[in-house]
Amino acid sequence: MAIYHTKMNPKLPVVALVLEVVMLILFGIFVRYDHDADAKDHHNNTKAQKNEFYFRYASFQDVHVMIFIGFGFLMTFLKRYSFSSVGFNFLIAAFGLQWAVLLQGWLHHFDSSTMKIHIGMEGMINADFCTAAVLISFGAVLGKTSPLQLLVMTVLEEVFFALNEHIAIGILQVNDAGGSMVIHLFGAYFGLAVSRVMFRDGLHGETHEKEGSVYHSDVFAMIGTIFLWMFWPSFNSAIAGHGDDQMRAAMNTYFSLAASLVATFAISSLTSREGKLDMVHIQNASLAGGVAVGTCADMMINPYGAIMIGFCSGIVSTLGFKYLAPLLESKLKVHDTCGVHNLHGMPGILGGLSGAIAAAFASEEVYGLSLYLTFPTLVPEDKNTPLFKRLHEWSDEIEPGKGRSPMVQGGFQALQVLISLVMAIGGGMITGFFLKHTWWGQASDVDCFEDSMYWEVPEAEGFTEVKTDGEHPLDTQDEL
Amino acid sequence: MAIYHTKMNPKLPVVALVLEVVMLILFGIFVRYDHDADAKDHHNNTKAQKNEFYFRYASFQDVHVMIFIGFGFLMTFLKRYSFSSVGFNFLIAAFGLQWAVLLQGWLHHFDSSTMKIHIGMEGMINADFCTAAVLISFGAVLGKTSPLQLLVMTVLEEVFFALNEHIAIGILQVNDAGGSMVIHLFGAYFGLAVSRVMFRDGLHGETHEKEGSVYHSDVFAMIGTIFLWMFWPSFNSAIAGHGDDQMRAAMNTYFSLAASLVATFAISSLTSREGKLDMVHIQNASLAGGVAVGTCADMMINPYGAIMIGFCSGIVSTLGFKYLAPLLESKLKVHDTCGVHNLHGMPGILGGLSGAIAAAFASEEVYGLSLYLTFPTLVPEDKNTPLFKRLHEWSDEIEPGKGRSPMVQGGFQALQVLISLVMAIGGGMITGFFLKHTWWGQASDVDCFEDSMYWEVPEAEGFTEVKTDGEHPLDTQDEL
Amino acid sequence: MAIYHTKMNPKLPVVALVLEVVMLILFGIFVRYDHDADAKDHHNNTKAQKNEFYFRYASFQDVHVMIFIGFGFLMTFLKRYSFSSVGFNFLIAAFGLQWAVLLQGWLHHFDSSTMKIHIGMEGMINADFCTAAVLISFGAVLGKTSPLQLLVMTVLEEVFFALNEHIAIGILQVNDAGGSMVIHLFGAYFGLAVSRVMFRDGLHGETHEKEGSVYHSDVFAMIGTIFLWMFWPSFNSAIAGHGDDQMRAAMNTYFSLAASLVATFAISSLTSREGKLDMVHIQNASLAGGVAVGTCADMMINPYGAIMIGFCSGIVSTLGFKYLAPLLESKLKVHDTCGVHNLHGMPGILGGLSGAIAAAFASEEVYGLSLYLTFPTLVPEDKNTPLFKRLHEWSDEIEPGKGRSPMVQGGFQALQVLISLVMAIGGGMITGFFLKHTWWGQASDVDCFEDSMYWEVPEAEGFTEVKTDGEHPLDTQDEL
């Protein structure tokens, strides 16, 4: 029988303090302001409005709300795990965004002349994006991990994330405005792989008594759902190109989400004998449209294309919750507390493939010359080609590309779906084996899904008899 | 005795799926991006900042929060109806915004040369506005309707809404920046008319036991209230003219809401024997200032004018909750679950009339030449008049108008109050008669205000004895 | 034995109505739109984008959310005081912002030629800032005061606030972008002084039974915490200079908060024998980084400087909650319900001193010439000096300053820390003595921390026996 070492003092504080001091040192060595934030690069008032701040700060704040309120509250649905859901989410996102600034800086925009990372508006958004992947993985292992394990998972996962992102953006040069492949698909399968490696028979023989919701915890979770749903257009448009790209990304996401929500209600009712709606579906599958439209959010898919993608993803996701998730657990020993496979995994694949198709059929006829802005790899490599000259006359934003055809770009997009899958599952398994040791402080089977392992927990409303025992107020039902 | 058909499967899923497929087809035929979202109309970076996205997207997101979090949580105050409040709100808003894009597109900005609706930032805001009216009506019938009825109500109400909006904006050409007349007044009286037609004696003989709040459901409702209160300046300014109009609309709303809140606290305490505050008043009447300043939000009413309007509306609204609502139910058989008559109905009329007065007394002395931008109907019809020439020299935004005097414009504004009332009550009665049939799945009297008719409901906290019965955990009190 | 006069009718409504009417009259006499909101100053569409609305409205709305949702919900942690926390917060902020517009207008930007206050975007933000100080003070006296006392405290505190702000900005001309000194330090010590003067032995002999949380009230409080945490970058950057200043202020705050959060988790676990996390720490100390980076938010402290400040403040704040707060109560008779001393007081001092140091070491080498924009007092007084001419050539925003050296400016900054402390404690004691009289309606010792003194309170979930008594449903436990 396993021995559990759930006492977090001094393990957790020591690791957290060391990590934060390391952040401080690495930031001191490497991180400086970019030109939009540096006083030396001050522009006068006429040009101030061209600061990226005014193009992206409102979107950034919406993304920030999704990370901290959205993911945090979405996971409060468990009856006795709300402190941990929202609290650990808070911790790993706040640490994770610092670590992401360093990793993404080193890999994607390291200034080798000054040996510095210059951080600005897009860097902040990308850091938040990176933490989103970790929070998705958190959803798969929710209730079964200690805060220490989660911190360490954050450290490791972000390395794999940054590598995969580097392949996608730096090497294959694929489009993924809303991160269907790089964030959602990756985060989901990484978490599932961790969960698979750490699978415990004792925990899942029958549905764990505490692994469910109560009335008000479901209402709290709806706060998370709705903030995610509302601000997803900002997520998918946050780092899209200025102007029409950003506008289009927001609009496509708006329509895709609306369609996936209606589909979710319909399928939830249709798959219930009584036609009763299931809160789990509404809380999660309604968001699938945001995931699935992510890669092609800034492409010319038109509102009806967005609705089609959203509609399909809502159906797939709800069916996943209803029929696939139980199979995954019983057949493959993959336990997925929040159902991230249904919300982020499958819709992420759908999104990656939709993006590949949309890219493969992109044309100058539809995009005009801005085809070459939305897909910079389609610009010729050679500055002397007639096409390049024509493009350069039209816009000085144009830089030499790869000379790919749309079909080839579509192929690369599809390839990235596969690579993200491999990187996620591989990275997740490695991380899982590393975290499996009970030294990291995971709870015993019976104490999973239970705040009081890691938190001072006050009485719950209405449990008047609780006060006397004083330590574990929520457990009185069990003891009867 | 009526027989109730509350089983939603397959009625609800079939209707929802058919509606969504219809949306998909109609969007495919009719809806395309507007010039701010179309890649073909890409502007270079210098002009990108003139994209409507940067003028209105932050406001749009605030409106979006009001629609989904604001209205959704405001209605969670009922003790056993939080899932339905926030969930049905979610469903009908997400479906409703798609349907609104089509209706408003056909009626207001249909491009007859291409047979297309071109949708952009303002279209998205207006679609959200249209759903706001439906959600207000939902407040009047909250707890007494099935999700299927609500979906059908959305389909029908938006048609009447778009017609009334067409009269207001297309024909009478009145100003209504924040929609006091077109959204709030219309939504309230439409809902009241539906509620009147569907009135059931059995439900309201004495106050329904479940039609009340519990402690935490009232706190949840405050989330809705406060998000509505905070973001109302964005609602009223979202589609106002660029620059000072938008700034003024936000500021007037800010002050009006502050004043209505103070008035609400005062009157709530004053009308209680003990001076105790009533959560129903705080949750609702505090918002009356946002409704009442809607029509004249972008007019030169000055901050003191805004405070006066807010102050009066807070008083009227609170008194309405205290004294008028019970009379409406007992004398006129109009049951109004959320008190939309007090929050949206009366303040909407007040807002419409305030707007008429503010328009009637508008003058070049106060507005300068931008009088003719705020009230385009005051521009002469004839381009050869000296006034038109003077205006055209000043600004090339000026287009020929109707040559109305401010007084005449004020008259048209007042007329629209009446028309909105007639359209709302007429449309609501028709809709009510259509929805009255029990085939649509409304609950029996005793099962109203109860989530478990349409939702899988988990146990409530503290009801330990509930687990055994397993189906309707919240009903145990009744069975004692 | 003291007699308590908690009946709020007619005291509260009369005072509230009189105050609001006074606001209306004073706004009528003094307050008009500024040039960004006045139709007469309408700019054509080309210039509309230079309206302050587009530079600051999104930030303003984030600040607004912090004031109403952030502070309001942060204080809902008490088990029986959620209505009051969120409701009184609502009332005093809505009244307070009106009063602040007048006070700040008279003192800081009164147009003596027209005898008017011209209000615009920055005025609205500053009014919200002023109410923030009052809400911080509210945190110190939470649960022990009547709504009437709070209204009167708002009236008085804002006078002292405006005077202190006038010293800081008008006389000493210090930098305080995020208000570490003017808002946080001031609000905290003002509230502590009020609390000290109104200290009651009977209330605090042993920890009051109702002065604690229940499970879901802690989750509600996390809504407040997280919205404060997320939007603090907007708070600290809301009135910073256009462009890089605003960008830098947001970024520094982002990193400071992340570091203070990690520190809070570490210290909370480290100071618990079992290593269990304490919700009080997470809810509060995690925010200390936002307070402490306030003064130097727009200075060139670099991300690592922000992380260092955040890290230290998180540690100091958590230790304050754990060890200092109990001493303050037992030794100095200062009872601090929300721990504002730990969250706003000490981090505010830390922030003021950090700002003094950052200012003292500011140099042209680091800032370039925009040193003189960020610190306008460093510009020479004499327009004929070579430096002034050089600056004027570089930017026409430059105006004659005070010719201070950075070190002198640092000295003035440090002096303001002291002045804020004196003004806060002095003003708070005067206010406390004024409010001490029981006529103002504070509750008796046993009825503190209890909504039902001032609110109609519905049943709580699970308290089935409550219904019979009908008046005070939450008290049944006490009566057993």
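## Chain B against chain C

Between chain B and chain C, 22 residue pairs are in polar contact, both residues at pLDDT 80 or more. A polar contact is a pair of N or O atoms within 3.5 Å; within protein, one must be able to donate a hydrogen and the other to accept it, and residues adjacent in sequence count only if both atoms are side-chain atoms. The model is predicted: local features need pLDDT of at least 70, side-chain atom pairs count only at pLDDT 80 or more, and totals for chains, interfaces and linings use all residues. Side-chain values use heavy atoms, without hydrogens and water.

Which elements of chain B give two or more residues to the side that touches chain C? They are H3 (52-74), H9 (215-237), H10 (244-270), H11 (279-284), H13 (302-332) and H15 (364-367), all helices of chain B. Helices (H or I, at least four residues) are DSSP runs, numbered from the N terminus. H10(B) provides the largest share, 19 residues. By class, this side of chain B holds 44 nonpolar, 20 polar and 16 charged residues. Here Ala, Val, Leu, Ile, Met, Phe, Trp, Tyr, Cys and Pro count as nonpolar, Asp, Glu, Lys and Arg as charged, and the others, Gly among them, as polar.

The contact (heavy atoms within 4.5 Å) draws on 80 residues from chain B and 81 residues from chain C. Together the two chains bury about 7,100 Å², with 71% of it on carbon and sulfur atoms. Buried area is the accessible area (1.4 Å probe) that two parts lose on being put together, summed over both. Salt bridges across this interface number zero. A salt bridge needs a side-chain nitrogen of Lys or Arg within 4 Å of a carboxyl oxygen of Asp or Glu.

## Chain A against chain B

Here 80 residues of chain A meet 81 residues of chain B. About 7,100 Å² is buried between them, 71% of it on carbon and sulfur atoms. On the chain A side, Tyr215(A), Tyr254(A) and Lys276(A) lose the most area to chain B, together 12% of what that side buries. H10(A) gives the most to the side of chain A that touches chain B, with 19 residues.

## The nonpolar core

A nonpolar core is a set of buried Ala, Val, Leu, Ile, Met, Phe, Trp, Tyr and Cys residues joined through side-chain atoms within 4.5 Å. Buried means under 20% relative accessible area, exposed over 50%, and partly exposed in between (1.4 Å probe, protein chains only). The largest core has 481 residues. Phe227(A), Phe227(B), Trp229(B) and Phe227(C) touch the most other members.

Leaving out residues up to four places away in sequence, Trp229(B) touches partners in chain B, including Leu257(B), Leu261(B) and Leu287(B). Trp229(B) also touches residues of chain C, among them His64(C), Phe68(C) and Phe90(C).

## Salt bridges

The whole structure holds 30 salt bridges over all chains. Glu122(C) and Arg56(C) form one of them, at 3.9 Å, N to O. Glu122(C) lies in helix H5 (residues 121-141) and Arg56(C) in helix H3 (residues 52-74) of chain C, so the pair ties together parts 66 residues apart in sequence. Glu122(C) is partly exposed at 35% relative accessibility, whereas Arg56(C) is buried at 3%.

Lys333(C) pairs with Asp201(C) at 3.7 Å, N to O. Lys333(C) sits in the loop between H13 and H14 of chain C and Asp201(C) in helix H8, so the pair links parts 132 residues apart in sequence.

Notes:
Residues numbered from 1 in each chain as written. Chains lettered and ligands numbered in written order.
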